[in-house]
Amino acid sequence: QVYSSDFTTRKKVDRSPVTDADEAAERLILARLGKLTPAIPIVAEESMAQGNAPDVSAGIFWLVDPLDGTREFVSRNGEFTVNIALVEHGQPIVGIVHIPALARLYVASGPGEVFLYADRGGSRRIAARRPDRDGLIVVASRSHRDAETDAYLAKLKVKDFTAAGSSLKFCRLAEGSADLYPRFGRTMEWDTAAGHAVLAAA
């Protein structure tokens, strides 16, 4: 609803962008997860920005980024995701990455247990691949490409490069359409945990 409207973008204290979609999606996800697993605390990006940090000392918690790739959302290129991970003792053991604009959903629940659900296309198991001998297909950030990334890639045999936003990059590796995603800049665990689970399972 927000994506197709004339929405506005605001800045949080850390200067990162936020929209009504980030906040509305988080409210919905928190409510649903709260009903599904009331005993498991939820760490969510927008709640944390407001100073609401739950007790995760039991070692298991949900980690939520309700809208990863706000810059992609704002530019309306479709490459934003919803990231939900279940973290246990520091490791993401379940990962859900949803790409609303592309009607794709990646779900992982352990080694080899990772599926892609596509709009009207059913589901299929996915797996990462071994790189081809003639070079790597690299996927890198559309919004955070930097000189350190370029210097790193210059040392490798790269045959193709594609840019993508948000945790979609992890999913490209997991489904075998890319081989490498370099990232040297700052990131947050809610940006990476769900994609980590998907890729590890693949």
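Welcome! The model you are looking at is a predicted one.

- β4 and β5 run antiparallel and are joined by seven bridges. Within β5, N83 is the bridge partner of D65.
- Moving on, β5 pairs with β6 (residues 91–99) in the antiparallel sense, over seven bridges.
- β6 also pairs with strand β7 (residues 104–108), again in the antiparallel sense, this time over five bridges. Here I96 has V107 in β7 as its bridge partner.
- Is β5 mostly buried or exposed? Seven of its eight residues are buried, so β5 is largely enclosed by the rest of the structure.

**The turn between β5 and β6**

- The hairpin of β5 and β6 has two residues between the strands, and H89 takes a positive phi there, near 50°.
- H89 has this positive phi although it is not a glycine.
- H89 sits in the loop between β5 and β6. Its relative accessibility is 64%, and because the cut-off for exposed is over 50%, H89 counts as exposed.

**Helices against the sheet**

- L33 is a residue of helix α1. With a relative accessible area of 8%, L33 is buried.
- Which residues does L33 touch, leaving aside neighbours within four places in sequence? L33 is in contact with P38, I42, W62, V64 and I84.
- For a sense of scale, L33 and S177 are 144 residues apart in sequence, and their C-alpha atoms are 31 Å apart in space.

**The second largest pocket**

- This pocket has a volume of about 470 Å³. It is lined by 19 residues, of which A21, A25, L28, P66 and V82 are the closest to its centre.
- Which elements supply at least two residues each to the lining? They are α1 (20–36), β4 (60–68) and β5 (81–88).
- α1 gives the largest share of the lining, with eight residues.
- Sorted by class, the lining has 16 nonpolar, two polar and one charged residues.

**Other residues to look up**

- E46 lies in helix α2 (residues 45–49). E46 counts as buried, because its relative accessibility is 7%.
- Setting aside neighbours within four places in sequence, E46 is in contact with K12, V18, D22, E26 and P66. P66 is also one of the residues closest to the centre of the second largest pocket.
- A53 belongs to the loop between α2 and β4. A53 has a relative accessible area of 56%, so it is exposed.
- A53 and P41 are 12 residues apart along the chain, and their C-alpha atoms are separated by 9.5 Å.
- S166 is found in the loop between β11 (158–164) and α5 (168–174). The phi of S166 is near 55°, a positive value in a residue other than glycine.
- Is S166 buried or exposed? S166 counts as buried, at 9% relative accessibility.

Conventions. Residues numbered from 1 in each chain as written. Predicted model: local features only at pLDDT ≥ 70, side-chain atom pairs only at ≥ 80, totals over all residues. Heavy atoms only, no water. Helix = DSSP H or I, 4+ residues; strand = E, 2+ residues; numbered from the N terminus. Buried < 20%, exposed > 50% of the residue type's maximum accessible area, 1.4 Å probe, protein only. Contact = heavy atoms within 4.5 Å. 1 Å grid on protein atoms, 1.4 Å probe; cavity = no way out; pocket = protein on both sides within 12 Å on 5 of 7 lines; lining within 4 Å. Points joined across faces, edges and corners; volume = space filled by probe spheres on them. Nonpolar A, V, L, I, M, F, W, Y, C, P; charged D, E, K, R; others polar. Pairing = 2+ DSSP bridges.
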